[in-house]
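Me: I'm just starting out with protein structures. Could you pick one part of this one and walk me through it slowly?

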Amino acid sequence: MDFSYTDEQELLIESIDEFVRRSMPDDLITRMYAEQSVPDELTRAYLEAGFALIGLPEEYGGVPCDRVTLGILTERFAHASGCLTPFLNNVLAVNDMIDFGNEEQIRLCLETYLEEGKPLFSLGFSEPGAGSDNASMSTVTRRQADGSFLLNGQKTWVTAGESLPNVLVAAKDEDPSPDNRSMSMWLVPRTTAGLSTSSLHKIGAEIMPFCEMFFDDVVLTEDMRVGVAGEGFKNLMKNYEMERCLIIAQCLGIAQAAMDDAAAYTGERETFGKPIISYQLIQQKLTDMEIALLNTRNLLYRTLWMIDTGQPVRIESALLKRYGAQACTQVASEALQIYGGLGFTTETRLGRIWKDCRGMEIAGGTNEIMVHIAGRQLARRYARK
Amino acid sequence: MEIIVALKVVLDDQDIALASDGSLDTSRAHQVASLYDLNALEAAVQLAALEEGSRVTVLTVGGPEIDDSKLRKNILARGADELIMLLDEAARDWGSFETARALAAMIAKRGTWDLVVCGDGSADRFAQQVDVQLAAALDTLVFDAVVAWEWAGAQDGRLSLKRKLEDCEQTLACTLPLVVSVMPDIATPRICGMKEILAAGKKPVSVLTAAELALDLADIEKSGGATRFELIETRAPARQKRAARMYEAASSEGLRVFCAEAAALIG
């Protein structure tokens with residue numbers, strides 16, 4: 001088993017470190033969280049450095065790579081900067097469009113992305129009554145006599161929903177009942193009549209604000225449909241596993257940054273005339289934090305390797321998401337604890353990292369939903385033959 | 001335009017550990033491109049982009065240990081078209097005289113050239129000698145301390161150079177061929193994108209030995225002085241242990257203690 005990085009992956013890591021060193025000073029990161037936005041110049045610099053193209057197909061100007069490398073890019077970027085960024089969401093959104101959109105929609109989306117580094121649209125999938133339980137979605141489109149459709153319903157936790165010009169909405173076809181699995185995706189301009197938004201205020205991950213979105217008799221036309229009619233559910237499910245992996249890659253990166261800070265601090269901070277690292281309680285914290293990070297990293301890259309080698313990861317991605325989000329939150333929490341009173345202030349980045357990790361126990365599927373996904377499958381996997 | 005960049009491979013100073021006796025432990029140090037040579041490479045690549053059909057070739061000289069696949073890709077991902085390495089046991093401890101002779105032989109073997117670009121100085125010795133000695137070996141002009149340049153095109157055929165000297169800035173225009181050494185300000189090394197990193201592995205790399213260049217090593221080393229001295233040791237000066245005391249700045253008592261102790265230290 002070879003755990004080493006390739007030359008290319010090592011060079012990519014060096015490039016990321018250099019980019020963060022040049023373009024993302026601590027005061028900028030603090031400002032981005034306070035202002036809940038990423039400056040266009042940074043998004044453009046990320047694009048110009050070529051990171052935004054990694055993972056996109058070559059025919060669309062991208063640089064295709066394996067999922068392990070995409071994980072390394074994501075983890076390292078979060079580690080080097082110690083913060084979350086929307087860049088990962090951006091490339092996932094563009095990949096969604098490449099997977100499901102028609103040529104014209106893909107062209108439009110890529111034109112914007114390759115010019116600005118931002119996707120053309122936010123993703124409106126979750127609803128107040130339907131998060132991971134997509135079948136309970138009640139947003140619905142109904143066909144009208146003139147061939148148009150009326151969209152009604154509500155979406156929530158729409159990341160960048162108030163800043164991106166369009167939203168990709170998943171909605172049931174004709175019938176909102178849970179039994180109806182027929183749904184479609186629609187690319188809807190945010191300025192369309194009947195579409196309104198309301199800001200939601202998060203306690204963490206403020207760098208990526210989200211909002212609620214309301215659809216009140218929004219008129220859609222057939223050319224706004226993305227992908228095959230009725231197959232929206234299948235589309236939604238397709239990218240969840242990769243999304244879970246990359247969410248944990250981000251968590252792992254920022255938790256590693258917390259570990260870096262805390263481990264260094266244990267050699268600097270003195271109590272009773274000795275550095276706190278000389279106390280076994282602190283040594284145990286560092287030991288358990290490192291185990292949590294290594295376990296998460298091993299699970300992450302094994303799962304990504306399985307995707308790369310064409311193996312199903314429904315169970316593994318759920319295990320990773322459940323374990324990794326909690327483990328990284330615990331690492332951040334212990335790092336904060338090691339800093340004591342200082343850790344509970346905004347003088348360090350540990351509180352921010354803890355909040356960001358904590359949010360990832362919910363985003364992309366809660367810890368509990370991961371049990372729902374993995375538990376029954378595991379019983380089947382281990383059933384006596 | 002055929003542009004040559006002379007690039008030195010050095011041990012990464014970040015990996016060099018200082019032992020308790022002051023000796024340098026280089027056993028874990030990776031081979032990397034010398035810092036300022038990356039600025040020279042970037043400047044050369046930007047200049048090449050101004051003249052269609054231009055090529056940038058990187059030359060490097062050293063012991064066989066500098067041949068590292070990641071290092072090769074790192075150089076070629078920065079826009080160079082080709083890398084030529086002279087790898088020889090004899091070259092491991094060469095100084096600037098021997099290196100300049102070897103580079104001149106490599107350039108002669110390669111063929112046509114218009115411009116040789118050197119960095120301001122190497123990250124390890126910073127002797128700032130290779131540029132002038134290389135120009136002497138190539139029997140051409142050399143200008144150092146170049147901070148900017150302009151290329152009006154092949155028709156004009158002159159490279160306009162701005163040099164930052166001790167007490168003045170000098171601008172001049174010079175026909176090619178020419179050797180220049182550039183200050184770091186001339187260009188910031190690029191951040192390699194994944195596309196360039198992947199493409200780097202497919203670019204041509206040639207490896208030469210001193211024998212293949214028909215270098216008379218005995219003569220070169222004798223003239224350069226390499227046979228006349230022996231490096232006994234390299235040792236860091238003794239360091240005073242730092243107190244590294246932490247004070248609790250969140251309390252006024254902590255601040256008071258800090259101020260009192262600082263005042264006592266300063267006297």
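This is a predicted model: local features need pLDDT of at least 70, side-chain atom pairs count only at pLDDT 80 or more; totals for chains, interfaces and linings use all residues.

Reply: Here is a close look at one helix.

Residues are numbered from 1 along each chain as its sequence is written, chains are lettered from A and ligands numbered from 1 in the order in which they are written, and side-chain values use heavy atoms, with hydrogens and water left out.

Our helix is H4 of chain A, residues 67-81 (helices are DSSP runs of H or I with at least four residues, numbered from the N terminus). H4(A) has 15 residues and spans 21 Å from its first C-alpha to its last, close to the expected 21 Å (that's 1.5 Å times one less than its number of residues).

Let's look at the start of H4(A): there, a side-chain oxygen of Asp66(A) comes to within 3.2 Å of the backbone nitrogen of Val68(A). That's a polar contact (a pair of N or O atoms within 3.5 Å; within protein, one must be able to donate a hydrogen and the other to accept it, and residues adjacent in sequence count only if both atoms are side-chain atoms).

Now, how covered up is H4(A)? Mostly: 12 of its 15 residues are buried (under 20% relative accessible area, with a 1.4 Å probe and protein chains only). Among them are Val68(A), Leu70(A), Ile72(A), Phe77(A) and His79(A).

Finally, just after H4(A), Gly82(A) has a positive phi of about 70°.

Terms used:
Helices (H or I, at least four residues) and strands (E, at least two) are DSSP runs, numbered from the N terminus. Buried means under 20% relative accessible area, exposed over 50%, partly exposed in between (1.4 Å probe, protein chains only).
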